[in-house]
Amino acid sequence: MVRRAFGIGVVLLLAALPVLAGQSVGQAPPGQEGYVPISQLPPSQQLPAAPFLIAAYAFIWVALVAYLWSIWRRMGTLKHDMEILERRSLPRK
Amino acid sequence: MNSRSWSESGSRGLSVGNAASPSEQLFTPFAIVAALVFAAAPVVIAEAPYESTMLLIQKIFYFHVPSWIALTAALSVCGAASALYLFRGSVLADHFAVAGAELAALFGACGLVSGSLWARKAWGVWWEWDAKLTMTLMLELVLVGYLLVRKYGGPGAERLAAGMGIFGTVTAPFIYKSVDWWRTIHPKTSVIPTLEPSMYGPLLFCAVAFALLFALLLALRVDLEIARARLDRLFLENEG
């Protein structure tokens, strides 16, 4: 009895194999027929990473240098104002 | 302070006395170290391994995350100093608050722009109105508002700005945890602890570079604010 059930199971499995194989073949993506250079892609699909990376770093560097420069400029203005104040206060003394 | 002390105060131009204080003596070596570390950061990043899905663009991470770390430090300074000024009336704290707010706005802008560039490549969009990004933009606007109040608010603007500084600081933990609480396109906070050791090193290096730079800029900005307050006081005395 057990041997008969085992035989039926094997037959059913073998019968199902082509169906399973067909499904798996159906799900596979089509094979690649050749390499496409990124330069040949439409512009909407071309998005290299390097410009974004460089732009991010450049922005941060420029922002920090500009901030440092703004502090230096404000220091200069303060120094200039202080000198004017000193000159104005000298005649009184 | 007289004009002689200004001219003799060295490259900083903001000495508060004739003799250089210990912090002023440390300034030049500290500035050199900060500049060298920050300049070396891109080299360290270039040595870092590529992430498997995002490849090169993921390397924005090494400046993006330290920008937010620096913003958090600046915001903490701004919030704590604002509270000290508001409840204790400390004028020095007010100088720290305005310096912290300005630096928080600067590093916030760095984080937002670098994040947007990263998002364009990784997610296909420049911006997404999700909880994390929207709250971060609101924080940046609060900081810009703080600086505008300080500049154009007239008498009493310091107290109003201090309130804004505290408000802005309180939002920071909500922004940090927003990715865990709400569905968002931004990665969760659990990403950082899962970093490979080879990626953790460059991140730590860049975080130190930004921290040094933050400390340097904070010292400069506070010094500027102290000198400005002194000039105002001298002007009033002179007029009186």
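These legends describe close-up views of a predicted model. Residues are numbered from 1 along each chain as its sequence is written, with chains lettered from A and ligands numbered from 1 in the order in which they are written. Local features need pLDDT of at least 70 and side-chain atom pairs count only at pLDDT 80 or more, while totals for chains, interfaces and linings use all residues.

**View 1. Helices α3 and α4 of chain B pack together.** Helix α3(B) covers residues 61-88, and α4(B) covers residues 91-122. Helices are DSSP runs (H or I, at least four residues), and strands are runs of E (at least two), numbered from the N terminus. The angle between α3(B) and α4(B) is about 155°, and their axes lie 7 Å apart. Axes are lines fitted to C-alpha atoms, for helices over the stretch in contact; angles run from 0 to 180 degrees between N-to-C directions. The two helices are therefore roughly antiparallel (angles over 145 degrees). Their contact comprises 20 nonpolar residues, eight polar and one charged. Ala, Val, Leu, Ile, Met, Phe, Trp, Tyr, Cys and Pro count as nonpolar, Asp, Glu, Lys and Arg as charged, and the others, Gly among them, as polar.

**View 2. Chain B meets chain A.** Here 33 residues of chain B contact 25 residues of chain A (C-beta atoms, placed from the backbone, within 7 Å). On the chain B side, α1 (3-7), α3, α4 and α7 (197-239) each give two or more residues. The largest share, eleven residues, comes from α7(B). By class, this side has 22 nonpolar, six polar and five charged residues. Chain A itself has two helices and zero strands.

**View 3. Helix α5 of chain B has a buried face of contacts with α4 and α6.** α5(B) runs over residues 131-152. Its 22 residues reach 31 Å from first C-alpha to last, close to the 32 Å expected (1.5 Å times one less than the number of residues). Among its buried residues are L133(B), L139(B), L143(B) and Y146(B). Buried means that 20 or more other C-beta atoms, placed from the backbone, lie within 10 Å of a residue's own. The buried residues pack against α4 and α6 (157-181) of chain B. After α5(B) comes G154(B), with a positive phi near 75°.

**View 4. A48(B) sits in the loop between α2 (22-47) and α3 of chain B.** A48(B) is buried, with 20 other C-beta atoms within 10 Å. Leaving out residues up to four places away in sequence, A48(B) touches K59(B), Y62(B), S198(B), M199(B) and P202(B).

Technical notes:
Parallel < 35°, antiparallel > 145°, perpendicular 65-115°, else oblique. Contact = placed C-beta atoms within 7 Å. Buried ≥ 20, exposed ≤ 12 C-beta atoms within 10 Å, placed from the backbone.
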